[in-house]
Amino acid sequence: MAVFDYRQAEEVRDAFARHGVRYLFIGKSGAILLGFPDTTQDADLFLAKAPENCRNAVGALIDLGFALTTEESEQIARGKDFIQLKNGPFDLDLIFAPDGIERFDDAWSRRVEVEGFPVCHIDDIIASKVAAKRQKDRDSLPRLLAFREYWKSKRP
Amino acid sequence: METEPKAAIPKEWLDEFEAAARRPLELRMRYAFIRTYKPVMDDARFRAFDTMEQYRRWCAENLPEWLGYGRI
């Protein structure tokens, strides 16, 4: 399996656009798109949980090369809160209800576009990590908070 | 969990942020996305959880503590 890279991010962007999927990059992968220098293994996508959006996501993922069984496709179409995919060209986490964010539309209204990639605002990325209360997030949070300060200082 | 920075950005971090800002996105991504094996987590091709709470509980009960997925 290949490491997620810019070309694959473009493929995600384009496939999701073709299928009309509403999504946002979130988590550390979202922060990296915003400019946060750190490492991660997979891309995290926050998807709107509307039934049509979930069905569209299945089509987009198949286009991208994910080998989904009928049962797996049905679970994505149902919009289960968290889905981990390691059955495609790269690792992908689908999150339909991230901790710390009330509604997709709220996050969408605050999104940041980076070279055509829709990304959660840094405040939402941090809110989800704070709410998750994981050890690994607590360890990385001080640097992410510092990056938010830096990132906001550079915004017009 | 602390949510607000209380001090100025440490110079080492600031230098890293500035350096990253000078790189094109494609290069930033090349440096950022890495492949490492995470025991248990990487041993299934597909997992789905009805709720985030179920996912967090699964992580706490199944993943090695040192991976850092446990809740604090």
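Two strands are said to pair if DSSP finds at least two bridges between them. Strands (E, at least two residues) and helices (H or I, at least four) are DSSP runs, numbered from the N terminus. The model is predicted, so local features need pLDDT of at least 70 and side-chain atom pairs count only at pLDDT 80 or more, while totals for chains, interfaces and linings use all residues. Residues are numbered from 1 along each chain as its sequence is written, and chains are lettered from A and ligands numbered from 1 in the order in which they are written.

The description starts with the strands of chain A. Gln84(A) stands opposite Asp93(A) in β4(A). The strands concerned, β3(A) and β4(A), run antiparallel and are joined by four bridges, and a hairpin of six residues connects β3(A) to β4(A). Asp93(A) is also the bridge partner of Asp44(A), for β2(A) and β4(A) pair in the parallel sense, again over four bridges. Strand β2 (residues 43-47) of chain A pairs in turn with β1(A), in the antiparallel sense and over four bridges; here Leu24(A) stands opposite Phe46(A).

Burial is judged by counting other C-beta atoms, placed from the backbone, within 10 Å of a residue's own: 20 or more make it buried, 12 or fewer exposed, and a number in between partly exposed. In a regular strand the side chains alternate between the two faces of the sheet. Strand β1 (residues 23-26) of chain A is covered on both faces, with Tyr23(A) and Phe25(A) buried on one side and Leu24(A) and Ile26(A) buried on the other. Strand β4 (residues 92-95) of chain A is likewise covered on both faces, by the buried Leu92(A) and Leu94(A) on one side and Asp93(A) and Ile95(A) on the other.

A nonpolar core is a set of buried Ala, Val, Leu, Ile, Met, Phe, Trp, Tyr and Cys residues joined through C-beta atoms within 7 Å. The largest such core has 53 residues, and those with the most contacts inside it are Phe25(A), Leu45(A), Phe46(A), Leu47(A) and Leu94(A). Helix α7 (residues 135-154) of chain A gives the largest share of this core, five residues.

Chain B contains three helices and one strand, in the order α-α-β-α along the sequence. Its radius of gyration, taken over C-alpha atoms, is 17 Å, well over the 11 Å that the globule rule (2.2 Å times the number of residues to the power 0.38) gives for 72 residues, so chain B is more spread out than a compact globule. Of the 72 residues of chain B, 11% count as buried.

The two chains meet in a contact that takes 37 residues from chain B and 40 residues from chain A, where residues are in contact if their C-beta atoms, placed from the backbone, lie within 7 Å. On the chain B side, α1 (11-22), α2 (25-32), β1 (46-49) and α3 (52-62) each supply at least two residues. That side divides into 21 nonpolar, five polar and 11 charged residues; Ala, Val, Leu, Ile, Met, Phe, Trp, Tyr, Cys and Pro count as nonpolar, Asp, Glu, Lys and Arg as charged, and the others, Gly among them, as polar. Strand pairing also crosses between the chains: strand β3 (residues 82-85) of chain A and β1(B) run antiparallel, joined by four bridges. Phe82(A) stands opposite Phe49(B) in this pairing.
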